[in-house]
Amino acid sequence: MLNIVIFGAPGSGKGTQSQRIVDKYGLNHISTGDVLRAEIKNGTELGQTAKGYIDQGQLIPDELMIDILASVLDGFRDSKGVIFDGFPRTIAQAEALKKMLAERGQEVSVMIDLDVPEEELMSRLIRRGIDSGRADDNEETIRKRLAVYHSQTAPLIGWFKEENKYHHIEGMGSMEEIAAKIVEAIDSL
Ligand code: AMP
């Protein structure tokens, strides 16, 4: 069972690279950002709650996010494993994930940290905002999301190092080069 956490700041390429890993290894994919955006699109109560946080560049509260993740995970049957994209984003979420997987006799196989310099993240996200029209890809919200990443999410680097699950990848370069490095990390597990 391969349980891969793909980690990195907003704009580091988690979504793009996740898709490649999913295709290559036949894993299930959970992008918590995509789950929330689908809820918003469908006009659900959860979507309305989530929108308030997303538009402010803030994280959805842990308890809510953990419940959402558990229900998505429960929906997977005969899974070869899961790629977790955008989750965990806080230490509390990482601890909840560890517990959830342990209850299923599993664990995280590796956490892959896509490390991209700040100026590059900024320009990628601004470009993405123009191309995709994603409401939270505007300069003000991007700055808030990067600040939230540094204060609440980056501490997970130390947490996963303690767990001996941490794998650093230089996130600059072509999509193919980065994908090759990820595949190498997974194949060496
Ligand atoms: P993403 O598409 O992963 O960049 O997520 C977009 C937004 O959804 C984030 O800025 C958060 O507001 C929210 N979000 C996604 N995943 C999480 C999570 N694991 N915990 C809290 N908020 C999240």
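I began with a term: a residue is called exposed when its relative accessible area is over 50%, and buried when that area is under 20%. I also noted that the model is predicted.

**Entry 1: two residues with positive phi**

I looked up aspartate 78, which lies in the loop between α4 and β3. Its relative accessible area is 82%, so aspartate 78 is exposed. The phi angle of aspartate 78 is near 50°, a positive value in a residue other than glycine.

I then turned to asparagine 164, in the loop between α8 and β5. Asparagine 164 has 70% relative accessibility and therefore counts as exposed. Phi is positive here too, near 60°, and asparagine 164 is likewise not a glycine.

**Entry 2: a cis peptide bond**

I checked the peptide bond from phenylalanine 87 to proline 88 and found it to be cis, with omega near 0°. Proline 88 is placed in the loop between β3 and α5.

**Entry 3: helix α4**

I compared the length of α4 (residues 62-74) with expectation: at 1.5 Å a residue, its 13 residues should span 18 Å, and the end C-alpha atoms are 18 Å apart, which agrees.

Which residues of α4 are buried? I listed Met65, Ile66, Ile68, Leu69 and Leu73. They cover an arc of only 160° around the axis, so they sit on the same side of α4. On the other side of the helix, I found Glu63 and Asp67 exposed. The buried residues of α4 pack against β2 (28-31), α2 (32-41), α3 (45-55), β3 (81-85) and α5 (91-103).

**Entry 4: the sheet**

I traced an open sheet of five strands in the order β2-β3-β1-β4-β5, with parallel pairing. Its edge strands are β2 and β5 (166-170), each of which pairs on one side only. From one strand to the next, the twist averages 20°.

Methionine 111 has tyrosine 166 of β5 as its bridge partner.

**Entry 5: helix α8**

I found that α8 (residues 155-162) lies across β1 (2-8), β4 and β5, and runs at about 145° to β4.

How do α5 and α8 meet? Two packed helices are described by the angle between their axes and the distance between the axes. The axes of α5 and α8 cross at roughly 30° and come within 9 Å. Ile91, Ala94, Glu95 and Lys98 of α5 make the contact with Pro155, Leu156 and Trp159 of α8. By class, I recorded five nonpolar, no polar and two charged residues in this contact.

Notes: Residues numbered from 1 in each chain as written. Predicted model: local features only at pLDDT ≥ 70, side-chain atom pairs only at ≥ 80, totals over all residues. Heavy atoms only, no water. Helix = DSSP H or I, 4+ residues; strand = E, 2+ residues; numbered from the N terminus. Expected span 1.5 Å × (residues − 1). Buried < 20%, exposed > 50% of the residue type's maximum accessible area, 1.4 Å probe, protein only. Arc of directions from axis to C-beta. Contact = heavy atoms within 4.5 Å. Pairing = 2+ DSSP bridges. Axes fitted to C-alpha atoms, helices over the stretch in contact; angles between N-to-C directions. Nonpolar A, V, L, I, M, F, W, Y, C, P; charged D, E, K, R; others polar.
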